[in-house]
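Good morning, colleagues. I would ask you to keep the sequence and the structure in view while I speak.

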Amino acid sequence: MSVEADRLYRFAPRDRAGWILGLGASQCLTLAAGLLMSTVAVSSSAPIGLAVVPLASAGILAFARWQGRPLHAWLPVFAGWTLLGVHRQRRWTARIPLLGESGDRKRAALPPFLAGLEILEASAAWTRRQRLGSVGLVADRREHLLSGVLRVQGREFALVERTDQDRLLAGWGEVLAGFCRERNAVARVAWSEWAAPAGMEEHLRFVESEAMTPTGSVHRDAYAALLDGAGPMTTRHEVLLTVTVDTRRARITRDPNAALDDAFADLVLEELRLLTARIEDAGLAVDAPLSPGELREALRVRLDPTVLHGFATRARAGFDDGLVSEHNVGPLAVDVELAHVRIDGSWHRSYWIAEWPRLELHPAWMEPLLLHAGGVRTIAMVYEPVPPSRSQRQIDRDATRLASDEEQRAKRGFRIGARHRRAESAVLERESELVAGYAELEFAGFMSVTAPDPAHLETACAEYEQVAGQAGLELRSLDGQHDAGVGVCLPVGRYPTARRFA
């Protein structure tokens, strides 16, 4: 009897072919600028020592490293940080609304990294929500995007058998593949997994209730001791799946008498309906789309987890789907620092996952990072569906560029390394999978760590950096733009781009 080998997975290496001889665009431009300045200096009869300075400086910027990053990668960071100070955008405070205001003045003022966002209310008859029948959608007026959010659970993925893990992972791949079609209006799909220490209030109330055995009993004392030991390790996890539609790509047929926002809302709701069906077919648990109140609550909690205790008190007082009102969803103060961002009573530090594991992996390889009880953190994955036609064009360009780079290296006597060979093999594998009918998605990973003060933030970040390194991930701190990193970890469909200044 033959035993089937365990299925393993591998990430394709990042393309490092560069423009010329493995040099990236920024390195080539830096060296070209230095060479040009040195040439101009020599033509102007400047001393040789002075003429060499620009070229030497360009070489240092192109090849030297500081804190594990190339110096040329720090230039946009410090330039953006300097411009923030020039435009006085490092600190933001919200306008406090007056009671009785209505209309646009009643909406929450949002900081720059959330500017242009608005929570809309729509209805969908297919949802299983009986209480309200309303769905919250996030409209990004600046980027012309509209997003809907689902709450998803993996049904104890880490506890099931290896074959079941493979099946669930294959099902999730089929869920994402449904977005990779031609002329698709879905711009991106993102999941964000938020984890925070969970309170033991419900268990403690049960211990104090009459349903428990009398005070002083052995069983009661043993249960109380169990709660004391498990309390610090108890963690609450929440996974939100966000589907974002680019309204500029949408081709909709609508009632001429209906509002344009309603037509786009129907498109997002239809994508959510189809996605829900695919998720259930894959064996995952999915809830109805978040209502406007639930969406506002999720944003407030992830921006400032210190509100959790107050929310629990208000929930016991009988507030139903109204813990966060429309004017109260945003923060009151945001302080952007180079190494972190403070939002109300919480400090955040955001990371971009710059490198993924190189070795073959089992399905639960991220389990140590996802289950690490190191405080409050959010891990987000952003996927952009690639239509098959564009995927084939990209494969052809990558194959041509790698072949050209190999030819240039061979002519000049440079060695063709294993990294280059593996990149070529990865392109061939991508082409084979595309021909076989598999879909391709571009993706990026982010993580945001949250703490009540800078000291706890440093400790938590050190722990997560170590755990991520053990999993084969390289985290790069988003210095100077931690607020944008927090934004991409929120279920709003926003992706960090070049910072805009007023």
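Predicted model: local features only at pLDDT ≥ 70, side-chain atom pairs only at ≥ 80, totals over all residues.

Ser-147 is buried, its relative accessible area being 0%. What surrounds Ser-147, once its neighbours within four places in sequence are left aside? Its contacts are Gly-136, Leu-137 and Val-138, then Thr-242, Val-243 and Thr-244, and finally Val-268, Val-492 and Gly-493. With Thr-244 there is a polar contact between the two side chains, at 2.8 Å. Ala-265 is 118 residues away from Ser-147 in sequence, yet the C-alpha to C-alpha distance is 8.8 Å.

One of the contacts of Ser-147 is Thr-242, and I turn to that residue next. Thr-242 belongs to strand β8, residues 235–246. Is Thr-242 buried or exposed? Its relative accessible area is 3%, so Thr-242 is buried. Beyond the neighbours within four places, Thr-242 touches Ser-147, Gly-148 and Val-149, together with Arg-188, Val-189, Ala-190, Pro-491 and Gly-493. Between Thr-242 and Val-149 the C-alpha to C-alpha distance is 4.5 Å, although 93 residues separate them in sequence.

The secondary structure comprises 14 helices and 15 strands. Of the 502 residues in the protein chain, 42% are buried. Among contacts with a separation of 6 or more, 78% are between residues 24 or more positions apart.

Helix α1, residues 25–43, packs with α2 at an angle of about 175°, and the axes are 7 Å apart. This makes α1 roughly antiparallel to α2. Among the residues on the α1 side of the contact are Gln-27, Thr-30, Leu-31, Gly-34 and Leu-35, while those on the α2 side include Ala-51, Val-52, Pro-54 and Leu-55.

How do α2 and α3 pack? Helix α2 spans residues 48–63 and helix α3 residues 71–86; their angle is about 90° and their axes are 5 Å apart. The two helices are therefore roughly perpendicular to each other. Ile-60, Leu-61 and Ala-62 of α2 make this contact with Leu-71, His-72 and Leu-75 of α3. Leu-61 and Ala-62 are also among the α2 residues that meet α1.

Helix α3 itself has 16 residues, which should span 22 Å at 1.5 Å a residue; the end C-alpha atoms are 23 Å apart, in agreement. Its buried residues are His-72, Ala-73, Trp-74, Val-77, Gly-80, Trp-81 and Leu-84. They pack against α1 and α2, and also against strands β1, β2, β10 and β15. After α3 comes Arg-88, with a positive phi near 55°.

Helix α12, residues 418–435, has 18 residues and reaches 26 Å from its first C-alpha to its last, close to the 26 Å expected. Which residues of α12 are buried? They are His-420, Ala-423, Glu-424, Ala-426, Val-427 and Leu-434. These residues cover an arc of only 155° around the axis, so they lie on the same side of α12. Ala-418, Leu-428 and Val-435 are exposed on the other side. The cover over the buried residues includes α11, residues 388–411. Gly-437 follows α12 and has a positive phi, near 105°.

Finally, helix α8, residues 292–303. Its 12 residues should span 16 Å at 1.5 Å a residue, and the end C-alpha atoms are 17 Å apart, which agrees. How much of α8 is covered? Most of the helix is: 11 of its 12 residues are buried.

Definitions and conventions:
Residues numbered from 1 in each chain as written. Heavy atoms only, no water. Buried < 20%, exposed > 50% of the residue type's maximum accessible area, 1.4 Å probe, protein only. Contact = heavy atoms within 4.5 Å. Polar contact = N/O pair within 3.5 Å; in protein donor to acceptor, adjacent residues only side chain to side chain. Helix = DSSP H or I, 4+ residues; strand = E, 2+ residues; numbered from the N terminus. Expected span 1.5 Å × (residues − 1). Arc of directions from axis to C-beta. Axes fitted to C-alpha atoms, helices over the stretch in contact; angles between N-to-C directions. Parallel < 35°, antiparallel > 145°, perpendicular 65-115°, else oblique.
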